[in-house]
Amino acid sequence: MNQQATPLFTALKKHAAGNPVQFHIPGHKKGLGTDAEFREFIGDNALSIDLINIAPLDDLHQPTGVILEAQKLAAEAFGADYTYFSVQGTSNAIMTMILSVCSEGDKIIVPRNIHKSVMSAIIFSGAKPIFVSPVQDENLGIDHGITTSSLERALRRHPDAKGVLVINPTYFGVCADLRSIVDLAHSYGVPVLVDEAHGVLIHFHEDLPVSAMQAGADMAATSVHKLGGSMTQSSVLNLNAKTGLVNPQRVQTILSMLTTTSTSYILLASLDTSRRNLALNGHEMAARTIALSNYARNSINEIEGLYSFGKEILGTEATFNHDPTKLNIHVRHLGITGYETENWLRQKYNIEVELSDMYNILCLITPGDTKESVDKLLAALQVLSAIHYSKGEIYELKVQVPNIPQLALIPRDAFYADTQLIPFRESAGYIIAEFIYVYPPGIPILLPGEVITQDNIDYIIDHVEIGLPVKGPEDRSITNIKVIVEAEPIS
């Protein structure tokens with residue numbers, strides 16, 4: 001196929017150049033009806049291709065023309081049999097994967113450190129999650145992926161599972177042995193779904209970890225916007241049809257059910273053009289990004305009190321490979337937290353990072369970075385070290401997540417059940433009807449349908465009292481919690 005072509009973007013430009021009289025949405029009519037300041041800032045070119053699914057521009061819900069052509073080009077570029085565009089982010093693609101293989105009561109094996117879109121799909125489908133604990137890194141206070149041996153134990157106990165979901169690479173760029181995981185799941189006839197949100201570049205360079213499609217996985221949700229140059233909220237869902245474990249037509253149906261009918265053609269065009277750029281220049285882009293990342297990592301490791309891990313952590317089941325473009329910076333030995341580091345970089349140097357937790361900050365190095373941008377980060381970190389190194393008490397590294405609670409109800413049943421609010425400190429023994437996530441390390445501590453234990457309560461309260469983020473409950477102060485109503489006995 002001609003990877004230089006951009007069928008959708010070319011059609012959009014041609015349509016806009018024809019200057020048609022529009023009696024359809026969007027109501028701004030090429031910008032004439034929008035706010036003047038916004039129009040001046042965005043520009044008429046962008047507004048002229050903010051269009052809808054009229055006949056010349058195809059329809060994402062049932063593509064037969066230029067969108068279909070663009071998706072076929074993307075499939076070739078990503079090594080997939082089918083590629084579907086998502087204008088609602090990788091979250092939408094992840095939900096599509098799960099809903100394509102799971103129905104009410106079906107089991108799906110998932111790591112505990114899942115993205116919230118996974119739990120949304122489990123609730124929508126009525127599936128039963130079988131949780132596998134990710135491996136915790138005691139030196140860094142972060143989580144890696146699940147191991148082949150832990151997955152094998154799960155499959156032995158639950159050979160009737162309808163799917164296995166794997167995060168590859170993790171947020172921090174660490175990969176398990178994906179090929180072995182895929183081979184194991186397929187030996188049980190179970191499809192493998194990959195959350196590849198942080199792995200678009202791994203498709204395009206041999207020095208990066210293996211991609212989901214290269215490993216033979218059945219589906220992968222890949223964020224082109226995170227690292228591949230497309231606009232925020234644009235992603236792809238790649239499908240490998242060779243195993244016969246996933247029905248491509250059902251995937252299209254589910255995706256259509258979850259997707260707005262007012263699809264953004266600006267987002268679709270950014271996917272079309274980013275695919276072209278990656279297909280033609282991806283290897284060079286990845287090579288440059290890897291080199292810049294290694295330069296940054298080596299420089300950081302020369303700064304007193306800072307550590308950015310690389311390939312030296314490899315060699316275990318959970319650390320089979322590493323994507324160096326994820327620059328994790330461990331700050332505990334400066335005697336400050338990752339949260340404090342993030343705020344300091346923002347306030348003092350106008351630098352924004354991807355995330356922070358108790359012990360780390362994460363910086364993403366992408367094809368959009370330059371040596372100049374990296375040097376600004378390095379200069380700021382050198383000042384940070386000079387201020388804090390050997391000046392204060394070093395935090396004790398202690399990440400002890402409570403055991404996974406008993407699942408008393410399928411999450412959907414708990415989420416939609418009759419509920420009541422009770423004091424969180426008095427909730428031991430109740431079945432929770434909402435989510436609680438604690439950082440670090442970002443693993444959900446309680447999910448709808450699980451039985452609250454005193455260990456859960458103590459762990460969460462400890463984090464709240466020292467000011468660490470607790471996310472999920474409707475009551476953000478965690479004073480009260482939503483639990484399943486217990487039926488009164490009939491006398």
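This is a predicted model: local features need pLDDT of at least 70, side-chain atom pairs count only at pLDDT 80 or more; totals for chains, interfaces and linings use all residues.
Local features are reported at pLDDT of at least 70, side-chain atom pairs count only at pLDDT 80 or more, and totals for chains, interfaces and linings use all residues. Residues are numbered from 1 along each chain as its sequence is written, and side-chain values use heavy atoms, without hydrogens and water.

We can begin with the helices (DSSP runs of H or I, at least four residues, numbered from the N terminus, as are strands, runs of E of at least two). Helix α4 (residues 66-78) packs against helix α11 (residues 265-300) at about 35 degrees, their axes being 10 Å apart. Axes here are lines fitted to C-alpha atoms, for helices over the stretch in contact, and angles run from 0 to 180 degrees between N-to-C directions. In the contact (heavy atoms within 4.5 Å), Ile67, Ala70, Leu73, Ala74, Ala77 and Phe78 of α4 meet Tyr265, Leu268, Asp272, Arg275, Leu278 and Ala279 of α11.

Turning to the sheets, strands count as paired if DSSP finds at least two bridges between them. Five bridges link β12 to β14 (residues 360-364), and Asn328 lies opposite Leu362 in β14.

The other open sheet runs β17-β16-β18, again with antiparallel pairing. Two bridges join β16 (residues 436-438) to β17, where Ile436 stands opposite Leu446 in β17. Helix α15 (residues 454-465) packs on this sheet and touches β16, β17 and β18, its direction making about 125 degrees with that of β17.
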